[in-house]
Amino acid sequence: MSAPVAALASPFLATIPSPPQGVWFIGPIPLRAYALCIIAGIIAAVWIGSRRWVARGGREGTVIDIAVFAVPFGLVGGRLYHVATDWYKYFGPDRNPLDALKVWEGGLGIWGAVALGAVGAWIGCRRRGVPLAAFADAVAPGIILAQAIGRLGNWFNQELYGAPTDLPWGLEIYRRIDSTGLADPITGVAMDSTPVTVVHPTFLYELLWNLGVFLLIIWADRKFRMGHGRVFALYVAGYTAGRVWIEMMRTDDATHILGIRINVFTSLIVFAGAVLYLLYVRGKREDPELLRGKPMPGDDDTAATPERSAEEPKATADDADADEDEDKDEPKGSDDSGDERAEARSADGNGKDAKD
């Protein structure tokens, strides 16, 4: 996060205040708003993904099982990407490399999270025997919603903002200090509500954009019944389209290439790949039977897929009625073994040869 710039001279009439602090202490234990936002986003993503997966014909609990692999991989990948692209913050002069482990202070790159999270999801999908593309389609809306929720953590951390502005929705930035009176923008507390600057709330722009992409892919999926990874590709294309212009508004420290922030180039490359995927991959949703996968301990293997759930009970009842009718029509004791014994006794006269 870059240092706050000088405040504007114009009076602050209608602006967005920042939280006075982003960390609360319960005894020696810190309660960090950033971490809580990330956790809330993960819970929302898993809940929405689970509902969509079951609606598509998958087993209950599959998304949670796969998330056990995908979420840790995604968190590690997100941190690795951030450290790799902003390495000078941790390995430059007068820097502490151990700070790279302090995830709670912010710094998760979405590209690393998606890339390594996909590896974790692939492992989970292979274990459950379900197609990765279908899983990605089911969880895509939840992922973009989780990103929107996670951006609230940047608000609490007073980070990811843009240049000074006099717009009504400008974000107030406060000076936070620790218990010793030193500046501490992460764990400190704002003792004065007078802002040191008012800036573009780029975190809020991205939050609102993400919510728009969430609604877009939900609508498109319902209308066109998209499958084979196309919902996920639409999510990627929609997100990166907004990330390009929002990234160019940010003023926090970042690695630059040819004077342009590195995430702008990443967004353009990923956007092009997602659009190409949408153009060249066709097909409706996968067969629900493919989403059933391998039965695992605790699964209900008797559960029917949505398409056949209303028919199977009726078919079972009809079969039972047919069996009952056949039992009524057939005389008791009239089986093949009884007929053979009767013929044997008749051929022998009194059945003596058969007895011998």
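Q: Which helix holds R52, and is R52 buried or exposed?
A: Helices (H or I, at least four residues) and strands (E, at least two) are DSSP runs, numbered from the N terminus. Buried means under 20% relative accessible area, exposed over 50%, and partly exposed in between (1.4 Å probe, protein chains only). R52 lies in helix α1. With 13% relative accessibility, R52 counts as buried.

Q: What does R52 touch, leaving aside its neighbours within four places in sequence?
A: Contact means heavy atoms within 4.5 Å. By that rule R52 is in contact with D137, A138, P141, I218, D221 and V231.

Q: What kind of model is this, and how are residues numbered?
A: This is a predicted model: local features need pLDDT of at least 70, side-chain atom pairs count only at pLDDT 80 or more, and totals for chains, interfaces and linings use all residues. Residues are numbered from 1 along each chain as its sequence is written, and side-chain values use heavy atoms, with hydrogens and water left out.

Q: How many helices and strands does the protein chain have?
A: The protein chain has 12 helices and eight strands. Of its 356 residues, 41% are buried. Take the contacts with a separation of 6 or more: 76% of them join residues 24 or more positions apart.

Q: How is an aromatic pair read?
A: A pair of aromatic rings is described by the distance of the centres and the angle of the planes. Rings of Phe, Tyr and Trp (its six-membered ring) pair if their centres lie within 6.5 Å; planes under 30 degrees apart count as stacked, over 60 as edge-to-face and the rest as tilted. By this rule the count is nine aromatic pairs. One of them joins W53 and F135, edge-to-face, at 6.1 Å centre to centre with 65 degrees between the planes. W53 lies in helix α1 and F135 in helix α5, so this pair ties together parts 82 residues apart in sequence. W53 is buried at 0% relative accessibility. F135 is buried too, at 6%. Elsewhere, ring pairs link W24, W155 and F156 into a cluster.

Q: How is a nonpolar core read, and which residues of the largest one touch the most other members?
A: In soluble globular proteins, nonpolar side chains tend to be buried together. A nonpolar core is a set of buried Ala, Val, Leu, Ile, Met, Phe, Trp, Tyr and Cys residues joined through side-chain atoms within 4.5 Å. The largest has 23 residues, and I144, I217 and Y235 touch the most other members. Helices α1 (33–55), α4, α5 (132–157), α6 (202–224), α7 and α8 each supply at least two residues of this core. α7 gives the most, with seven residues. A second, separate core has 12 residues, including I66, A70, F135 and V139.

Q: What is Y235 in contact with, leaving aside its neighbours within four places in sequence?
A: Y235 is in contact with I110, V114, A140, I143, I144, Q147, V213 and I217.

Q: How many residues of α7 are buried?
A: α7 is mostly covered, with 15 of its 18 residues buried.

Q: Is N210 buried or exposed?
A: N210 lies in helix α6. It is buried, with a relative accessible area of 0%. Beyond its neighbours within four places in sequence, N210 is in contact with I144, Q147, A148 and Y239.

Q: How do I read the faces of a helix?
A: An α-helix has 3.6 residues a turn, so residues three or four places apart point the same way. In α8, the buried residues are N263, V264, T266, S267, A274 and L278. Seen down the axis of α8, they fall within an arc of 155 degrees (taken from the directions from the helix axis to the C-beta atoms), so they line one face of the helix. What covers them includes α2 (62–85), α4 (110–128), α7 (230–247) and β8 (260–261). The face of α8 turned away from its buried side carries the exposed residues I269, L279 and Y280.

Q: Which non-glycine residues have a positive phi?
A: R225 is one of them, with a phi of about 45 degrees. R225 lies in the loop between α6 and α7 and counts as partly exposed at 45% relative accessibility. L258 also has a positive phi, about 55 degrees. L258 sits in the loop between β7 (256–257) and β8, and is exposed, with a relative accessible area of 81%.
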